[in-house]
Amino acid sequence: MVAYQSLLRIDKTAKQAAYLQLANQLMGLIRGGELRAGQKLLGSRQMAALLNIHRQTVVEAYDELLIQGWLETRTGSGTYVVENLPEINPTPLEKHQNQNSNPAKTAGFKIENAPHLARGVLGASPHLHLDDGFPDPRLAPLAELSRAYRSQLLHGNPYVKLGYNDTKGSAWLRRELSAYLNETRGLKTTADNILITRGTVMGLYLASTGLLKKGDKVVVGELSWGGANMSFLQAGAELIKIPVDTHGLVIEALEKLCQQQPIRMVYVTSHHHYPTTVALRADRRLQLLRLAEAYRFIVFEDDYDYDFHYLSQPLLPLASADRQGMVLYCGSFTKAISPAFRVGYLVGSENAIHHLSQLRRIIDRQGDLMLENSFAELLQNGVIQRHLRKSLREYRTRRDAFCELLSTHLSSYLQFQIPDGGMAVWTRFDASIDLEMLATEALKKGLFFADGKFHAPLTHHTRLGFASSTVSELEECVETLKRCILSQ
C-alpha cells in the first residue's frame with residue numbers, strides 16, 4: 001500500500017493552488033513508479049481526510065490528472081492509474097547513482113563545452129561608464145517611437161499586422177531602408193536586397209550558418225570583434241588572422257593568403273575598425289574588392305557606426321563600389337537609437353538575401369513587425385535622420401571634451417589618437433599599470449570600463465567610450481580614473 005501520508009505534503013501557505021500541488025505530487029509518484037499502472041487510488045473522501053484537506057481539492061486534483069491522461073475512472077469502481085503506462089520500477093534512494101544531482105542546475109545529458117562561446121555578456125553599467133562605445137539613450141527619439149508603435153498597434157487590419165509575415169522583415173521598412181541607404185551610402189538596392197535582422201549579431205550568425213561550411217577559411221584582423229569570431233567558429237570555420245595597422249587591415253597580407261589557399265570570407269569593419277577606430281584606406285578598399293572578385297570570397301562588411309564620423313563626409317562603404325555581388329553589408333540601429341531595439345539589416349544580392357531569409361525562418365521566423373513598421377515611419381517622416389544629425393553634433397562635442405580631459409589629466413598614464421569617428425577612444429595604458437586591477441578598483445568606485453582582456457594579443461589597451469556620458473559625467477569619470485591610478 002502506498003504511504004500517502006509520508007509521500008504527499010500540501011502547503012496551505014504556498015502560492016500554488018492546493019489541488020495543483022496534489023496533482024503534481026501524484027503525477028510524480030506515477031512517474032517514479034510508486035503508483036503503478038492500473039493501481040486504484042483512495043477515494044476522494046479518504047484522501048481528503050488522510051491529508052487534512054477539503055474533499056473538493058482532491059476532486060479537482062483527480063480531474064486535472066484525468067484530463068492529462070494519467071488517471072481513468074471505472075464506473076462503480078473508483079479512480080485508477082491508467083493501464084497503458086510502461087512498467088516503472090522505483091529506484092531505492094540509497095542505490096541512486098547520484099543522490100546530490102539537481103536537474104534544475106545540471107542536465108542529465110552530456111554537453112560539449114565550446115570555448116569560443118565563453119565570452120561575457122555586457123549588461124547595464126553603473127552611474128559612471130566609459131563603455132565600449134554605446135549611444136546615449138537619453139538622446140533617442142523615444143516619444144516619436146512610442147507614438148509610432150502605438151499607432152501600429154491600434155490602427156490597420158489586426159489580422160495582417162499581428163499575424164505571420166515575410167521572413168525578410170517588414171516590406172515598408174525594407175523600402176524605406178533601401179531609399180535611405182541608397183541616398184546616404186551610395187548603394188544601389190531595392191527592398192529585395194534587404195533582410196531585416198535583430199541586429200548585426202543575427203546578420204553575422206545567418207551569414208555564417210548559411211554560407212560557411214566546416215573547415216572554410218575566414219580572414220579577420222589580429223585585432224577584431226570577438227562577437228563576429230564567435231559566429232564564424234560556431235559554424236565550424238577556421239579563423240586566419242592578418243595584421244592591422246593605422247590604415248586598417250593589411251590587404252597585402254590577405255593577397256598572399258589568397259595565393260596559398262582558398263578563402264571563403266573576409267570580415268571587415270571598414271569605416272571604423274573595431275577596436276582601433278581607424279578607417280580602411282581608400283586604396284586598400286579597392287584592393288580588397290579586386291581580390292574578392294579575383295578569388296571569389298565573400299566580404300562581410302560590418303558598418304556598425306557609419307553615421308558617426310566627425311571630419312567631413314565619411315568614406316562610402318565597400319558595398320557602394322561592389323560590382324560583382326561579393327559584399328554582404330550589415331548595419332543596425334543599435335548605435336543610432338539604443339541597443340534595446342533589436343532592428344538591423346543585411347544587404348546583398350537578391351539570391352543571397354533569399355537564401356538567408358529561408359534560414360532565418362527556422363531560428364526566428366520573423367522579427368517584431370510592429371517595431372519594424374515604427375522604424376519605417378520614423379525614417380519616412382525624417383525623424384531618424386534629424387536625430388542622427390543632432391546626435392552627431394553632441395557626440396562630437398563629447399569626443400572633443402573627453403580627449404581634452406584625457407590629455408590634461410591622464411597624459412602621463414595613457415596614449416591615444418583622437419578618433420575621426422565612432423563612439424570610443426582606443427587607448428594604450430602605461431605598462432606599469434595593471435589594467436585589470438585598475439578596472440576592478442574603478443568599478444568599486446562606481447566607474448565601469450573594460451579591462452582590455454578581449455583585445456588580446458595586445459595588452460594594456462582598451463576602448464573608452466564617451467558617447468553615452470555628458471561632458472560633466474565625463475569629467476567625473478576622468479577624475480575617478482585618475483584617483484584609481486594614483487592609488488595603485
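Modeller: We shall begin with the chain and then turn to one helix pair. This is a predicted model, in which local features need pLDDT of at least 70, side-chain atom pairs count only at pLDDT 80 or more, and totals for chains, interfaces and linings use all residues. Residues are numbered from 1 along each chain as its sequence is written, and side-chain values use heavy atoms, with hydrogens and water left out.

Biologist: How many helices and strands does the chain have?

Modeller: The chain has 16 helices and 16 strands; these are DSSP runs (helices H or I, at least four residues; strands E, at least two), numbered from the N terminus. Its radius of gyration, taken over C-alpha atoms, is 30 Å, well over the 23 Å from the globule rule for 488 residues, so the chain is more spread out than a compact globule. That rule is 2.2 Å times the number of residues to the power 0.38.

Biologist: By what are two packed helices described?

Modeller: They are described by the angle between their axes and the distance between the axes. Here H14 (residues 383-410) and H16 (residues 471-486) pack at about 25°, with axes 10 Å apart. Axes are lines fitted to C-alpha atoms over the stretch in contact, and angles run from 0 to 180 degrees between N-to-C directions. H14 is therefore roughly parallel to H16 (under 35 degrees).

Biologist: Which residues of H14 make the contact?

Modeller: With contact meaning heavy atoms within 4.5 Å, H14 contributes Arg398, Ala401, Phe402, Leu405, Leu406, His409 and Leu410. Their partners on H16 include Val471, Leu474 and Glu475.

Definitions and conventions:
Parallel < 35°, antiparallel > 145°, perpendicular 65-115°, else oblique.
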